[in-house]
Amino acid sequence: MDNLDTREWLLTNGLGSFASGTVADARTRTYHGWLIAALVPPTQRTLLLSHLDASLEVAGQVVALGTNFWGSGKVDPTGFKLLRSFELNPVPTWVWGDNNWQLSRQLVMPHCWAGGAGGASNSSFCSRTLIQYRYEGCREAILKLRPMIGDRNFHHQQKAQPDLQFSQLVGQQHIRLQAIRPEQVGTPWQLRWTQGEYQGDPVWYWNYHLLEETKRGLGDREDLYSPGYLTISLQPGAAVTVEAKVGWQDSHLPLSSLEFEQAVQAEEQRLSHIFKLGKQGEQGEQGRNPKSKLWQQLLRAGDQFIVYRQSIAGPTAIAGYPWFSDWGRDTLIALPGLALTTQRFDLAKGLLRTFGRYCRYGLIPNTFPDSGAEPLYNSIDAALWWIETLGLYLEATQDWNFLAEQYPVVQQIYKAFTTGTKYNIQVDAADELVSWNDPDVALTWMDVVIEGQPITPRRGKPVEINALWYSALCWASDWAERLSRDKVADPVRLSNQARRYAQQAKQVRASLQKFWNPTVDYLYDLIEPGDRPNAQIRPNGILALSLHHCAFPASQGQRVLQLAKHSLLTPYGLRSLAPDDSEYIGKYAGNQQHRDRSYHQGTVWSWLIGPFIRAWKRLYDSEPVPFDSQPLLEHFEQQVCLGSISEIFDGDAPHTAQGAIAQAWSVAELIRHWDDVKL
């Protein structure tokens with residue numbers, strides 16, 4: 001592996017903590033590190049252990065195994081030239097070697113939350129990473145490991161400053177570490193190891209260059225601190241294990257040499273239990289082979305986004321790694337793929353219940369802050385996606401007791417939308433369509449705001465919002481009718497509600513024809529205030545065709561799909577704007593403002609391939625989906641973040657991957673439509 005391979009890997013632990021880096025072992029992002037701990041799950045993510053700088057002495061010759069980019073432009077050392085192989089599964093594994101020796105390194109981040117497997121309680125909320133080195137050779141070798149550490153917010157870089165000190169308390173095969181600043185102490189954490197001699201040798205390493213941050217126009221220099229180094233004599237076949245762990249508890253206990261293998265086995269057992277993986281050759285649910293390598297990788301990828309949120313004491317989903325937290329809209333859109341297709345019904349139920357519990361003003365939170373703060377309700381569609389996803393859950397499970405429990409939330413959403421709520425969200429009495437009007441926010445999924453100005457302002461009546469509204473009314477009518485038959489409460493009142501919802505849905509269906517644009521055979525993206533139609537070709541028309549209840553006739557839907565196939569469809573998803581639009585931006589590049597301006601102006605969103613497939617199967621059920629999955633599957637297996645799918649891609653060919661390296665709804669839609677895209 002002579003080339004410096006900057007593809008990335010990712011480990012997570014169910015709390016929002018993660019570890020990530022590159023195949024070549026060089027840090028290229030602010031977000032690269034081996035222990036980035038969510039101190040208040042899944043937030044307050046803090047880099048503690050960046051990495052262990054390793055060198056190996058064999059027969060008097062010392063070789064440095066690390067690779068670093070420096071602000072001077074140098075790459076030093078160049079350990080990547082000795083890297084013989086890298087494997088992702090079952091855990092990230094590097095093998096360095098020369099003529100007469102070989103050294104492997106493996107990392108595992110033990111999963112911390114039993115609730116991720118459908119349970120209700122945590123086993124241990126202590127984030128930790130285990131690292132194991134194993135030596136093979138003809139003679140004894142000496143391995144030297146130097147911890148490179150920090151104590152910083154994972155969005156920021158660390159700088160060596162006089163007021164930043166690190167304390168270390170050295171014990172028997174462990175050290176306790178903590179950053180100290182004026183009037184502030186950092187996170188206590190520890191390193192333990194199974195063998196070796198530790199020598200304190202405090203030193204700063206200045207001016208690491210983070211190349212990916214340079215591309216993003218952000219801070220790109222980092223200083224790391226090293227408290228000392230560990231020296232281990234290794235006979236051929238011997239191994240050493242190191243643990244980085246938040247907190248100082250149990251630091252006096254020796255680290256077992258079996259703990260690494262036990263952690264790997266525990267993770268395999270956890271995933272097998274969750275996804276009910278059978279023996280080789282057995283067929284899983286829906287005819288899937290549970291031992292299919294690619295399918296299992298997809299399941300692993302989806303599981304990485306499911307985390308525990310301390311402030312709500314329940315499950316949520318990280319929108320994307322490495323920099324996103326959990327968002328309501330993203331979670332609800334991803335839920336069918338992450339939890340329904342995979343039959344994690346307890347997880348789906350827990351997510352729906354949690355979001356329903358926090359319904360306020362008829363809105364579902366788009367963001368949950370930490371404990372004691374008010375959730376943010378800056379989304380018009382999260383509440384409607386909640387109803388749509390609840391419907392899909394009920395269809396899959398027939399859990400009508402859960403419907404009875406959640407039906408008051410449905411009523412609360414309906415009442416708020418019809419009578420009016422925050423951001424001037426309300427149903428227009430003239431046509432029964434949902435509108436909103438607040439110039440300072442962006443409430444749909446096209447949600448970028450720069451200096452108080454939405455980049456894709458969609459005030460008025462967005463097409464997908466009103467398609468969701470129609471579907472919600474259809475669901476509500478069906479549910480009220482069912483509950484009236486089951487005599488859950490007042491059957492007469494419920495029956496009257498069912499008729500009212502059905503009548504309103506009929507009116508909305510008729511009014512949705514306002515969105516038909518016969519000039520181009522597509523749907524208007526938006527009816528702006530003053531009844532001005534916006535004729536931009538965007539994928540929101542495809543979203544409108546993909547919902548469980550669709551208001552548009554097949555004749556219109558087929559023409560919409562044909563134009564989307566021609567203008568929006570790419571090998572990695574749908575463009576957010578047609579290329580012939582004057583506002584189209586084909587490349588997502590530059591500093592943050594440039595990138596934000598292009599975010600929804602032509603950038604390809606991978607998750608949108610799911611709605612396209614659903615709409616196509618509904619309207620062209622006898623024709624194959626016109627989507628070649630090979631490029632997307634190659635991206636999943638071999639590009640950017642190995643074993644995951646990027647958030648976005650350039651609108652222009654070759655559609656370079658951009659944005660977050662692992663995105664929940666991108667992975668979720670591939671899981672959801674595996675039977676439609678698999679090779």
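Mentor: Strands β34 and β35 (residues 648-649) pair in the antiparallel sense over two bridges. Before going on: this is a predicted model, where local features need pLDDT of at least 70 and side-chain atom pairs count only at pLDDT 80 or more, while totals for chains, interfaces and linings use all residues. Residues are numbered from 1 along each chain as its sequence is written, and side-chain values use heavy atoms, with hydrogens and water left out.

Trainee: What makes β34 and β35 a pair?
Mentor: Two strands pair if DSSP finds at least two bridges between them. β34 and β35 have two bridges, so they meet that rule. Strands themselves are DSSP runs of E with at least two residues, and helices are runs of H or I with at least four, numbered from the N terminus. Within this pair, W605 stands opposite I648 in β35.

Trainee: Which sheet do they belong to, and which strands are its edges?
Mentor: The open sheet runs β32-β33-β34-β35-β36, with antiparallel pairing. Its edge strands are β32 (569-570) and β36 (657-658), each pairing on one side only.

Trainee: Why are β27 and β31 said to stand at the edges?
Mentor: They belong to an open, antiparallel sheet of three strands in the order β27-β30-β31. β27 (461-462) and β31 (532-534) each have a single partner strand, so one side of each is left without a neighbour in the sheet. β27 pairs with strand β30 (residues 526-528) over two bridges, and K461 stands opposite I527 in β30.

Trainee: How do you know whether W204 and Y225 are buried or exposed?
Mentor: Buried means under 20% relative accessible area, exposed over 50%, partly exposed in between (1.4 Å probe, protein chains only). W204 has 19% and is therefore buried; Y225, at 9%, is buried too.

Trainee: And what kind of pair do W445 and W605 form?
Mentor: Also edge-to-face: their centres are 5.2 Å apart and their planes 85°. W445 is in the loop between β24 (434-435) and β25 (449-450), 160 residues from W605 in strand β34 (residues 604-605). W445 has 3% relative accessibility, so it counts as buried, and W605 counts as buried at 2%.

Trainee: What makes R482 sit over the ring of W400?
Mentor: A charge sits over a ring if NZ of Lys or CZ of Arg is within 6 Å of the ring centre and within 35 degrees of the ring normal. The charged end of R482 is 3.9 Å from the centre of the W400 ring. R500 over Y501 also qualifies, at 5.6 Å.

Technical notes: Phe/Tyr/Trp six-rings, centres within 6.5 Å; stacked < 30°, edge-to-face > 60°.
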